[in-house]
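Please load the model in your viewer and keep a selection panel at hand.

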Amino acid sequence: MTMTYSFENTAGFADAADKADPLAQYRSRFLIPQHEGKDCIYFTGNSLGLQPRSAKGYIEEELKKWHELGVDGHFHAARRPWYHYHKYSKESLARIVGAAQSEVVAMNNLTSNLHLMMVSFYRPSATRFKIIVEANAFPSDRFALASQVKFHGHDPESAIVTLKPREGEYTLRTEDIISTIEAQGEELALVMMGGVQYYTGQFFNLKAITEAAHCAGAFAGFDLAHAVGNVPLQLHDDGVDFAVWCSYKYLNSGPGGVSGIFVHEKHGQDDDIPRFAGWWGHDEQERFQMKAGFRPMPGADGWQVSNGNVLSAAAHLAALELFDEVGMTELRKKSLQLTAYLEYLLRSIGAPASDLEIITPSSPEERGCQLSLFVNRDGQRIFENISKAGVVADWREPNAIRVAPVPLYNSFKDVYIFVKIIKDSLSLQS
Ligand SMILES: *Cc1c(COP(=O)(O)O)cnc(C)c1O
């Protein structure tokens, strides 16, 4: 979908865009941190999404159940008994990632889930043992991959093949990802990449990557930490084998909140696929009979290990309710416009690349809401300026600022003010 917008670089235009925004009302459904008595300009929803006002009520409801029912909260609560708690988020999650409800489940945290998925989907042989990942993947993912490789007696140096941008470029070309997959051929066991790259903001072509992996006889899995709730996903139709994500970034479900997994239906029905098992993955009809012999639940549920963290899952439900109301289509529509506005304003500063560069792809299909900027001269001081002015953004040494205007709670005015501060800071430079 390519849209052309007619933007203007004025406060009046930003105000009018907010007035015309059908999602503008959702900002008031969140609690926004304050800076000198005013809402701060919160652009770090890619790191920790804001608290939905409804989260407290959802958590208090579970605290009350715990108080009044004790252990009976598991089965005898009038609403949302804990035993089934992992089921209450399925419908929303399935919609958000483009899956059947049986293919998704909320559980654990992201890196733990990545390990559990790799137990099932990284089973190297002496000849097929390689993993492809982007070179600057999130450190936790790199640690997980390397430790899995070592666990199987292989050497990460030779087993992990990294994807690097071409000389002079910041992001990866799909054709290069695919030719790397083809080049590994029969040695390739797994392609495991971000969905949206956490640093550059690049949204990869999941379908093309998955198809290429399958052609090579390998599995394809994705870390959707920066993709879920940010970009449209069709995991089932794209044929993705597995995916993991966290809920505290764009899904606004609270610090360390419950994570999620996707396992494609074609694997979810396979009882013989190796996995690390626990009682919550066992057939729920006889889970409490405490019998020997593991019989996995069909679908993603069969990868659950422990009973769920209900307090965290309660906040998750509160947050998902907002996604149900808005829907990913409307959310993406505003997101495309909001990020295009940010890009337009940044470009209209007219700064040379030696001062300011946008490294995120300019094609909307290749990015989510985040733009990653290189502030090549005096970056640290510029970042301090914007922080002092009440903008919460993310600084990465030596020169990167990541900015994520989130369509659920950020406004066109937020974007306008942010760019004005950047512009003023740049012109103050020596
Ligand atoms: C945020 C993030 C994580 C965090 O992992 P946790 O296990 O939730 O602490 C992992 N990978 C990526 C790509 C991330 O962006």
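A residue is termed buried under 20% relative accessible area, exposed over 50%, and partly exposed in between. The model is a predicted one.

Select Arg-295 and Asp-283, which form a salt bridge whose closest N and O atoms are 2.4 Å apart. Both residues lie in the loop between α10 (265–268) and α11, twelve residues apart. Arg-295 has a relative accessible area of 44% and therefore counts as partly exposed. Asp-283, at 13% relative accessibility, is buried.

**Second stop: a nonpolar surface patch.** Next, select Phe-75, Trp-279, Phe-288 and Met-290; together these residues form a nonpolar patch on the surface, with about 430 Å² of accessible area. Phe-75 belongs to the loop between α2 (55–69) and α3 (90–97). Its relative accessible area of 42% makes Phe-75 partly exposed.

Select residues 11–20, the extent of α1, and colour Phe-13, Ala-14, Ala-17 and Asp-18, which are buried. Viewed down the axis of α1, these buried residues fall within an arc of 140°, so they line one face of the helix. An α-helix has 3.6 residues a turn, so residues three or four places apart point the same way. What do the buried residues of α1 pack against? Displaying α12 (328–348) and α14 (412–427) shows their packing partners. On the other side of α1, Lys-19 and Ala-20 are exposed.

Side chains of opposite charge can pair when their charged atoms come close. How many salt bridges does the structure hold? The total is 29. One of them joins Arg-29 to Glu-325, with 2.8 Å between the closest N and O atoms. This pair links distant parts of the chain, 296 residues apart: Arg-29 is in the loop between α1 and β1 (30–31), whereas Glu-325 is in helix α11 (residues 310–326). Arg-29 is partly exposed, with a relative accessible area of 29%, and Glu-325 is partly exposed at 40%.

Now move to Arg-166 and Glu-175, a salt bridge in which the closest N and O atoms are 3.6 Å apart. Arg-166 is partly exposed at 35% relative accessibility, and Glu-175 is partly exposed with a relative accessible area of 49%.

**Last stop: a network.** Finally, select Arg-27, Asp-39 and Asp-414, which are linked in a network of salt bridges.

Key: Residues are numbered from 1 along each chain as its sequence is written. This is a predicted model: local features need pLDDT of at least 70, side-chain atom pairs count only at pLDDT 80 or more; totals for chains, interfaces and linings use all residues. Side-chain values use heavy atoms; hydrogens and water are left out. Patches are made of residues with over 30% relative accessible area and no salt bridge: like charges are joined within 9 Å, nonpolar side chains (Val, Leu, Ile, Met, Phe, Trp, Tyr) within 5 Å. Accessible areas come from the Shrake-Rupley method with a 1.4 Å probe; for residues, only the protein chains shown count as cover. A salt bridge is a side-chain nitrogen of Lys or Arg within 4 Å of a carboxyl oxygen of Asp or Glu. Helices (H or I, at least four residues) and strands (E, at least two) are DSSP runs, numbered from the N terminus. Buried means under 20% relative accessible area, exposed over 50%, partly exposed in between (1.4 Å probe, protein chains only). The arc is that of the directions from the helix axis to the C-beta atoms. Contact means heavy atoms within 4.5 Å.
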